[in-house]
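Here is a report on a two-chain model. Keep the sequence and the structure open while reading.

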Amino acid sequence: MSDNLARVLSAHELRPDIAERADADARRHIEIVAPSTHARPRIVYALSAVACVGAIVVAQLLLSVGISQGAYEISALRASQVELGRTADSVSEDLIRVSSPQSLAANAEALGMVSNSTPAYLRLSDGAVLGAPASAAGGQAGAASLVPNSLLAEAPVATESAAAVAAAAAAAATTSTASAAAVPVTNGLPSPTTR
Amino acid sequence: MAKTSMSSKRRVAATVAVLVAIIGLFVVRLVDIQVVRADALSADSLGNRSVENTVYGARGEILDANGVVLAGTVMRYDVQLSPKNAKEFTREVDGEDITVTVADAAAEIGAITGQTGAAIEAIIADALADNPESDFAYVSKQVDVDAFRAIYDLEIPWLTFARNPSRVYPNGAVAGNLVGFVSAEGKAQAGLEIGQDACLASDNGTETYERGADGVRLPESTVTTDAAVDGNDVVTTLDSDLQFFVQQALAQQAQSTGAAWGNVIVQEVKTGKLVAVADYPTVDPNDVSLTEPEDRGSRAFVAPYEPGSTFKALTAASVLDAGLATPNSEVIAPYRYLPANGADVNDSSGHGDLRLTLTGVLIDSSNTGMSKFGELLSDQQRYDYMTKFGVGSVTESGFPAEESGTLHPADEWDNQTAYATMFGQGLTTTALQVSSIYQTIANGGVRMPVQLVSGCRAADGTLTEVPSTEGTQVVSASAARDTADMLEMVYQDGWLANTWEIPGYRVAAKTGTAQMPDGEGGYTKGYLVSVSGFAPADDPQYVVSVSLADPVNMNSSAASAPVFQEVMSQVLKKYRAVPSGAAAPDLSGSW
């Protein structure tokens, strides 16, 4: 190709008549070919361009429909997230409130529990009793209200019916007699002897 | 040809004229929109599309040593209404439209907020009387989530809601004296809330987003202009369960003895950590208004008093440390002692000359006997011991507005003060300082910094501002041991032996009954009665220090002894301090 080009260039310089003829040849060549090649691609290109534009428009429409659909979904989810967050807040506040010492003490007392102020320990290794055990006298009964908590104003105190308490006490009595059978303490943790 | 050119020229002229007219119209409109009404329109459009939202940063929590929340942040809601729009409206119930009058709506709101319907109507009427165009009035501030939801579900068109984060104290008055409280606007006002405000404080942020005509947030339009910063948590050394127990025990005894006020301190011997600091009366930070202003703080930190005889343990430890006496050193303790410097020392009740050992001086709590031991040291030496024990300076607790008490320099003591300071008069200490003195004696003479806050905990769990845990040797270990042994004798043989007995345990304790200054240089008739001690005596774990001011029904330390007994046994039980079973030392009180 470069070889050919060089030859044309040299012809131009050395022999203008040949160059002129070559130019004329080129002009005639374009005039003939141009009309036949122009007409057909124009329609194809136009159609494809229009189709492309159409496709883009449709795609964009779909996309924006999708996005705005998503926006509604997000909005709805956000709203339900807020609602759920409020529910979580509400129940965790309730939980913290009822787990306050005032609430626990009042409920324990309502269920008939008393605290024992004389600590005593049973050492497992040799079964020794450390301290001086005594039965509970219920030192601080009714004192829960001395340490106020205005959050608990409306919180109900769990009161079991007297029958339920009695039944529980009876059940406790049976289990304690059952387990009262001596468990030998030898070394370390006590374990029942099995044969 | 000329004709056509004329008509075409006219046509061109007409077209140009029409074009100019149209462009002119556009220009006028453009100027109108872009220049004349620009501000109003753009504000309008922003208002329609763009919404600015406050993002609340949560103020940090105050926690006890086990992570129990003593102070936390919750979201509350302010209910507001538009008085000028408060009219009847229709509500759809089961497919039927029902007209709801203002009175009905007010009654419905009132049933939830605890107001009367009339009160809410009055709010509307008042606002309208003030300004007929009034568009804003509060119905109720800081209602909780449940109430907010219930009111929201009423779908009353003229109600609006605003979020308003608020402080909550789930345990009520438990440690309310220490935690403090914040104002309705969220400003720290007392206690750790204000002392640790730098750690707790949060920063609110803002976010802006755009929304469509139907109120839906446009995707990807959120711009956080200012990020919210949550506060850090303050971790205290307290145990909320024990604190509750101690407050109960104190309140019960204070009420039955008619005490004006009182406090109880429980301190860990080995670390100096405060496990419980109870005050009576005490504040419920959820509703500060229920408590008198002077009862809203912690007197244990801010109310110094003359400690009285509990201070004798310090004098005894100083004399032992200086090597000038032993627990068995002997003195003759008269009822009245007139030292050479002209002072005049009396015992609380008349008695003949007693032949007491140093141990016996503590058991009988003899002022004259203690004077004879105390004078073995120079005033300056005793002053130095006192300052090393922490008397006269604020502790390391970091509690806001903590008092240092008053300890004048030794060269300013007059003759009487020089002796009075040996048995805890002529100087003032806070309850905390007394507790610290006993901690030092219990801990082999090593005073640990008093600790209330273990640090400021960031979201990632790192603890900053951790206080120093370096102790100082105040008296020798043997002097401390001997003092502890003598205090055990006081517990065992003192006049309250039956009242404060904790079966099975070895305890060391000392009572104090001090006259209370009336603030005008004299003394009132009331006494401040106290008991300080530690257990188990052979391996001390906890100091318990009880003070009751002016218990009118029982004006002696017998009033505070039951609280000491109850609290100490609870502490020993709770922390599983097992009695060793070893025999107590046998020191003789007389000779």
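## Chain A

Among contacts in chain A between residues at least 6 apart in sequence, 58% join residues at least 24 apart. Two residues are in contact if their C-beta atoms, placed from the backbone, lie within 7 Å. Chain A holds four helices and two strands, in the sequence pattern α-α-α-β-β-α. Helices (H or I, at least four residues) and strands (E, at least two) are DSSP runs, numbered from the N terminus. Of its 195 residues, 9% count as buried. A residue is buried if 20 or more other C-beta atoms lie within 10 Å of its own, exposed if 12 or fewer, and partly exposed in between.

This is a predicted model: local features need pLDDT of at least 70, side-chain atom pairs count only at pLDDT 80 or more, and totals for chains, interfaces and linings use all residues. Residues are numbered from 1 along each chain as its sequence is written, while chains are lettered from A and ligands numbered from 1 in the order in which they are written.

## Where the chains meet

In the interface, 35 residues of chain A are in contact with 36 residues of chain B. On the chain A side, the elements giving two or more residues are H2 (16-98), H3 (101-110), E1 (120-122) and E2 (129-131). H2(A) gives the most, with 12 residues.

## Domains and cores of chain B

The domain assignment, automatic or from a database, gives chain B domain 1 (76-170) and domain 2 (240-574). Their centres, taken over C-alpha atoms, are 56 Å apart.

A nonpolar core is a set of buried Ala, Val, Leu, Ile, Met, Phe, Trp, Tyr and Cys residues joined through C-beta atoms within 7 Å. The largest one has 128 residues, and B:Val544 and B:Phe564 are among those with the most contacts inside it. Beyond its neighbours within four places in sequence, B:Phe564 contacts residues including B:Trp500, B:Val531 and B:Val544. A second, separate core of 15 residues includes B:Ile120 and B:Val143.

## An open sheet in chain B

Five strands of chain B form an open antiparallel sheet, ordered E12-E11-E23-E22-E21. Strands pair if DSSP finds at least two bridges between them. E12 (274-280) and E21 (508-517) of chain B are the edges; each has a single partner strand, so one side of each lacks a neighbour in the sheet.

Eight bridges join E11 (261-268) of chain B to E23 (542-549) of chain B.
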